[in-house]
Amino acid sequence: MRRIREPVPTLLLLGWSILLTIPAQAQAQEPATPGLQARPYGAFAFQDSVSVPLDAVGAFDRFVDVNAWWDHRFSESPVRFAIDPRPGGGFLEIFDESGDGVLHATVLFVKRGELLRMEGPLGLSGFALHMVHTLTFRPQGGSTLVHLDVRGSGELEEAWPRAIRSVWHHFLWERFKPFAEGKLGEPGQSP
């Protein structure tokens with residue numbers, strides 16, 4: 001039996017020929033939004049690690065207790081500041097009893113004592129910036145190595161990757177480590 005090839009529909013060919021004749025600049029025009037400036041786009045990644053004198057489950061539990069050690073907040077005295085360590089849980093800062101607040105990140109993957117992965121802009125809410133923050137907890141004798149891997153892409157000012165890395169270093173070394181060692185006062189105070 002002989003197969004007969006069907007011709008490409010004329011309408012499809014006509015549509016492509018029209019698209020090909022439109023100048024490229026006309027195809028890629030964006031609607032103007034008053035007051036907004038376009039920012040450059042890019043990507044970045046970095047890692048950091050800190051060792052704490054706890055077993056892996058203890059280190060994980062102390063890490064997710066962010067209300068006790070995380071010192072960057074939008075509200076001076078939020079009524080709730082917490083990481084809900086389960087898939088779909090939030091890193092939430094609830095400002096007041098009415099429920100106003102911010103979702104800093106969403107928990108994507110969690111294995112208590114082993115891994116916590118969150119996706120969110122943290123303090124850069126409102127920008128088209130996608131960041132994934134992965135923390136692994138690896139036993140090392142009588143301590144645990146907490147390893148951070150951050151990957152980001154999207155709307156970026158040139159200084160942001162360095163600033164984000166610096167802030168995470170601050171969180172791990174100047175806030176979390178002293179907290180895990182029992183040497184940290186209230187958030188906002190130096191160790």
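Author: A crossing is left-handed if the near helix is turned anticlockwise from the far one by less than a right angle, and right-handed if clockwise. The model is predicted: local features need pLDDT of at least 70 and side-chain atom pairs 80 or more, while totals for chains, interfaces and linings use all residues. Residues are numbered from 1 along each chain as its sequence is written, and side-chain values use heavy atoms, without hydrogens and water.

Reader: In which hand does α3 pass α4?

Author: Helices (DSSP runs of H or I, at least four residues, numbered from the N terminus) α3 and α4 cover residues 56-64 and 160-180. Their axes (lines fitted to C-alpha atoms over the stretch in contact) lie 11 Å apart, at an angle of about 115 degrees (0 to 180 between N-to-C directions). The crossing is right-handed.

Reader: Which residues of α3 make the contact with α4?

Author: Contact means heavy atoms within 4.5 Å. On the α4 side the contact involves Trp168, Leu172, Phe176, Phe179 and Ala180. From α3 come Ala59, Arg62 and Phe63.

Reader: Which residue forms a salt bridge with aspartate 71?

Author: A salt bridge puts a side-chain nitrogen of Lys or Arg within 4 Å of a carboxyl oxygen of Asp or Glu. Aspartate 71 sits in the loop between α3 and β2 (80-83), and its partner, 104 residues apart, is in helix α4. The closest N and O atoms are 3.7 Å apart, and the partner is arginine 175.

Reader: Is arginine 175 buried or exposed?

Author: Buried means under 20% relative accessible area, exposed over 50%, partly exposed in between (1.4 Å probe, protein chains only). Aspartate 71, at 23%, is partly exposed. Arginine 175 has 1% relative accessibility, so it counts as buried.

Definitions and conventions: Helices (H or I, at least four residues) and strands (E, at least two) are DSSP runs, numbered from the N terminus.
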